[in-house]
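User: I would like to know what stands behind the labels used for this model. Please set each value against its cut-off.

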Amino acid sequence: GRRGTEAWKHARRCLGGEAGRWRGCVSVGAWNGPSCTNRNVTDVAWNGLWMTRHVSGSSVLHDAIQVPNMGESITEGTIASIDKEVGDAVDEDEVIAQIETDKVTIDVRAPAAGVIDNILVSVEDNVTVGQTIAEFTPGTAETKEEAKQKETPADEKHEAPVAPIPEPKAEKKEAKADDQATPPPEPTPTPPSPPTTEPEAEPTMSKGERTEKRVAMSRLRRRVAERLKEAQDTYAMLTTFNEIDMTNLMNLRAAYKDEFVEVHGVKLGFMSAFVRAASCALNEIPAVNGVIDGDEIVYRHYHDVSIAVSTPRGLVVPVLRNVEKMSFADIEKGINTLGMKARDGSLSIDDMTGGTFTISNGGVYGSLLSTPIINMPQSAVLGMHSIQKRPMVINDEIKIRPMMYVALSYDHRLIDGREAVTFLKRIKEVVEDPRRLLLDV
């Protein structure tokens, strides 16, 4: 077995001998012979794999918790939170800290169960991929609270409480008799104080008024600000508007929402209809799904729709891929999953990468009309807004209808006005009459 090999014997000599008094690290991995280059780093073989462990003064191995890979284009981030303290016990895959990047928030998890021995970073520190941020001892170990309980002497834990000594009854009776015999002294009248001639102090202004608070912008907020301003400076951005009668779609949802939940396990909303309508319009107007790349135009034959989601940390735009192949239920499930990930900060780089067209629903916050900004490097964005009842002329009659304003911001360098208006009009037709999706008309 491996305990009989020279590498194993060398490792035991290093870790059990002088290495027990060193404070360095032991790199364990593929090794061709015993070698100790210095008193801080020792290379030994351990089942053909490389591991990094730190040796403390009592021959205890500490595993390093490092910053994980955060994506192809992300090499650094900022410590957003540290969820554990020194001495805390952790389970395998439990979150130790969170790192905020330009795009998403990354969880740093424990590679195995153990106890945190040292935390090497603080909140708002900048870290890079592969950097060690904490050390822990793997295996089942006692926490700080358990260690304190063990250090408490047994006599203190099981010491019997001392009962108070009762006073003699005779003394109580004598005290009562003395109280009854001696009447309480009468209060001495206090002479009235002369009126003060000093003027009253002027009221001071409350310290809570007209205060300011200066905080640093998060890395995500800075990146969003840069990209929005870059889009305004790069694109020849123009916005066209239209309005949609939501009567038929609302009736469809009211008629089948309960059955939809029973069959598919997810609620039927309005977003699935707009995503399907946008996919239909992208088929007819491919320029909206294209992008300018240098002196060339790239036309994408797939529809990856980005759904704008507002979170406490900033705006994120996860991607719903290949919506041209999705049903209403698939779209609702995908949006629900991405929304949950965005709220709890578990979106990955893959969830954010790509996207050929964006839909932003400001109507959930009550927005009546807006001009959305294009999400670079895309070429257009659809803005949805709140539904309000308004008088409309239907067959020469005035009727009350639930109406929604929609806006399409587009890059005029690539998309002509005719194409933009036709695209938005196609979305209007499909949403107002969802039967068109079944008949493909």
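This is a predicted model: local features need pLDDT of at least 70, side-chain atom pairs count only at pLDDT 80 or more; totals for chains, interfaces and linings use all residues.

User: What makes D304 and R321 a salt bridge?

Analyst: The term asks for a side-chain nitrogen of Lys or Arg within 4 Å of a carboxyl oxygen of Asp or Glu. For D304 and R321 the N to O distance is 3.7 Å, so the pair qualifies. D304 lies in the loop between β14 and β15 and R321 in the loop between β18 and α8, so the contact ties together parts 17 residues apart in sequence. The whole structure holds 16 salt bridges.

User: Why is D304 called buried, and why is R321 called partly exposed?

Analyst: Buried means under 20% relative accessible area, exposed means over 50%, and partly exposed is in between (1.4 Å probe, protein chains only). D304 has 7%, so D304 is buried. R321 has 32%, so R321 is partly exposed.

User: How do you know that K428 and E432 pair within a helix?

Analyst: Their closest N and O atoms are 2.8 Å apart. Both sit in helix α10, 4 residues apart, which means about one helical turn. Helices are DSSP runs of H or I with at least four residues, and strands are runs of E with at least two, numbered from the N terminus. Helix α10 has 16 residues.

User: Why are β20 and β21 said to pair?

Analyst: Pairing needs at least two DSSP bridges between two strands. β20 and β21 have 13, in the antiparallel sense, so they pair. One of these bridges joins M384 to V406.

User: What makes the lining of the second largest cavity nonpolar?

Analyst: Ala, Val, Leu, Ile, Met, Phe, Trp, Tyr, Cys and Pro count as nonpolar, Asp, Glu, Lys and Arg as charged, and the others, Gly among them, as polar. I82, I96, A97, I119, V121, I133 and A134 line this cavity. The division is 7 nonpolar, no polar and no charged. A cavity is a set of points on a 1 Å grid where a 1.4 Å probe fits but cannot get out, and lining residues have an atom within 4 Å of a point.

Key: Residues are numbered from 1 along each chain as its sequence is written. Side-chain values use heavy atoms; hydrogens and water are left out. The expected span of a helix is 1.5 Å times one less than its number of residues. On a 1 Å grid over the protein atoms alone, a cavity is a set of points where a 1.4 Å probe fits but cannot get out, and a pocket is an open set with protein on both sides within 12 Å along at least five of seven lines; lining residues have an atom within 4 Å of a point.
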